[in-house]
Amino acid sequence: MPLDLRPPESVREMKQLDHSAFQRKIGVPGLKVDAKHCSVLLKQLNKCLLNQPKLKNIVADPGGDLKKKIVLLNTEVLLNEEQEELLKSCNCERVRYELSLGYDYWSSDQILRAVLPVDIGEVTTAFESVGHIAHMNLRECQLSYKKLIGQVILDKNLPQIKTVVNKVNSIDETYRFFQMELLAGEDDMVATVKERGCSFTFDFSKVYWNSRLQNEHKRLVDIFQKDEVICDMFAGVGPFAIPAAKKGCVVYANDLNPKSFAALVKNCQVNRVEKYVHCFNMDAREILKHLLQKDRRLCFDHVIMNLPATAVEFLDVFRGLYRIVKPLEVGDETGTGVESTTKLPRVHCYCFSKAEDPVLDTKLQVSSRLGVVELEHCEVHNVRSVAPKKMMMCVSFRLPQEVAFDEHDCGGSARKRDQSEEGVTSDEFTKRAKVV
């Protein structure tokens with residue numbers, strides 16, 4: 001039978017982590033032999049050796065004989081005639097060697113599988129690294145062991161990890177960052193993250209950051225061209241804005257959260273792009289109108305809406321936006337021809353979908369909110385799975401002229417009025433869009 005190298009069963013359902021309780025001694029078969037014969041034995045008995053992670057196949061003689069070594073085997077196997085002859089020729093002595101294993105030997109997964117109740121289901125050892133912080137998302141059935149789990153994760157990931165936190169179910173309704181609790185380690189939530197040549201420092205307990213989105217940050221920034229003008233409506237601490245500025249874009253970055261805004265300003269300075277990133281601490285519903293009214297010559301190439309939980313709800317800010325803040329052509333006080341000459345931005349809107357067809361669903365979410373039946377030049381990218389049957393998506397589309405130059409005010413009121421005048425309810429309008 002293979003050797004049983006699991007932690008002792010006595011640690012099951014331990015609530016207070018006790019390293020000493022994991023000490024275990026295991027007898028394994030071995031061969032005591034002159035050190036000069038070890039290399040040939042290793043070669044000829046390779047499949048019979050102990051061959052276990054973090055353990056050596058050859059150890060010193062516990063009796064203190066410096067000329068002798070112990071070759072450890074993984075089981076009491078029957079050797080063939082050739083192997084038996086080899087043992088005789090090397091003058092091998094069969095012995096029993098006592099392995100001493102402890103807490104440091106086993107991985108975090110092995111430790112937690114031994115400690116947590118058998119019926120608890122899957123063991124959670126995965127976490128998101130945010131600088132020196134390990135961010136976990138424990139299930140309810142694991143919460144009574146949360147402190148122990150946090151300590152094990154800390155122990156097994158030092159020195160890179162110094163703080164372990166768990167996401168609490170509640171989320172800040174205004175600034176959309178997760179509440180969290182300290183499980184183990186230092187109570188230090190200010191993290192510094194390096195991502196593709198950029199450095200971001202922020203208070204992880206007060207802002208939103210997701211290290212799993214680094215590939216998405218790169219994907220979108222790769223689309224931008226040097227000298228393009230970007231508006232990042234929900235900029236956070238700058239994961240899109242700063243690399244875009246480093247690429248040579250001019251970025252107008254906004255975030256409502258004062259902590260995110262302060263970190264964004266500081267990160268722009270640290271990354272030496274403060275001349276290219278204009279930072280704002282405003283409501284996302286106001287930033288576009290504010291910028292376009294302030295400078296009527298301003299023309300955005302891209303608008304980023306990276307707030308998947310609610311970004312779709314902000315799409316109605318585009319309705320009539322360019323009719324209100326339209327630039328006047330030289331010598332044309334009436335603005336005639338502006339609609340055909342004004343360059344409209346490409347919008348990148350993030351959202352969630354639980355539909356069987358998330359691509360179609362996200363297109364319908366966006367088109368319904370804009371009040372159009374179909375989006376032209378529309379591309380949908382599957383960003384990542386955030387939960388079973390829940391996808392994060394990015395819908396990229398050119399802002400439609402009929403939306404940008406709607407005759408009514410921006411904010412969604414125009415579509416409601418148009419529908420009511422036609423005797424079409426909001427639900428019916430959405431149904432029509434879905435049918436198309």
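These legends walk through several close-up views of a predicted model. Local features are kept at pLDDT of at least 70 and side-chain atom pairs only at pLDDT 80 or more, while totals for chains, interfaces and linings use all residues. Residues are counted from 1 along each chain as its sequence is written, and side-chain values rest on heavy atoms, with hydrogens and water left out.

**View 1. Tyr105 and Trp106 make an aromatic pair.**
A search of the whole structure turns up 9 aromatic pairs. Rings of Phe, Tyr and Trp (its six-membered ring) pair if their centres lie within 6.5 Å; planes under 30 degrees apart count as stacked, over 60 as edge-to-face and the rest as tilted. Here the ring centres of Tyr105 and Trp106 are 5.5 Å apart and the planes stand at 75°, so this pair is edge-to-face. Both Tyr105 and Trp106 are buried (buried means under 20% relative accessible area, exposed over 50%, partly exposed in between, with a 1.4 Å probe and protein chains only).

**View 2. Phe200, Phe202 and Trp209 form a ring cluster.**
Ring pairs are what link Phe200, Phe202 and Trp209 together. Take Phe200 and Trp209: their centres are 5.3 Å apart and their planes at 45°, so the pair is tilted. Phe200 and Trp209 are both buried.

**View 3. Two lysines sit over ring faces.**
A charge counts as sitting over a ring if NZ of Lys or CZ of Arg is within 6 Å of the ring centre and within 35 degrees of the ring normal. Lys156 lies over the face of Tyr103, at 4.5 Å from the ring centre. Lys390 does likewise with Phe352, at 4.4 Å from the ring centre.

**View 4. Four strands make an open antiparallel sheet.**
Helices (H or I, at least four residues) and strands (E, at least two) are DSSP runs numbered from the N terminus, and two strands pair if DSSP finds at least two bridges between them. Reading across this sheet, the order is E2-E3-E1-E4. Strands E2 (58-60) and E4 (93-101) stand at the edges with a single partner strand each, so one side of each is left without a neighbour in the sheet. From one strand to the next, the twist averages 45° (axes are lines fitted to C-alpha atoms, for helices over the stretch in contact, and angles run from 0 to 180 degrees between N-to-C directions). Inside the sheet, E1 (residues 24-34) and E3 (residues 68-72) pair in the antiparallel sense over 5 bridges. Look for Leu31, whose bridge partner in E3 is Val71.

**View 5. Seven strands make an open sheet with mixed pairing.**
The strand order is E13-E12-E11-E14-E15-E17-E16. At the edges you'll find E13 and E16 (379-387), each pairing on one side only. The twist averages 15° from one strand to the next. In E12 (residues 250-254), 4 of the 5 residues are buried, so this strand is largely enclosed by the rest of the structure. E11 (residues 229-232) and E12 pair in the parallel sense over 4 bridges, and Cys231 has Tyr252 in E12 as its bridge partner. E16 is joined to E17 (residues 390-398) by 7 bridges, running antiparallel. Asn382 stands opposite Met393 in E17.

**View 6. Glu13 and Arg272 have positive phi values.**
Glu13 lies in the segment before E1, and its phi is near 65° although Glu13 is a residue other than glycine. At 47% relative accessibility, Glu13 counts as partly exposed. Arg272, also not a glycine, has a phi of about 60° and is found in the loop between H7 (258-270) and E13 (277-280). With 73% relative accessibility, Arg272 counts as exposed.
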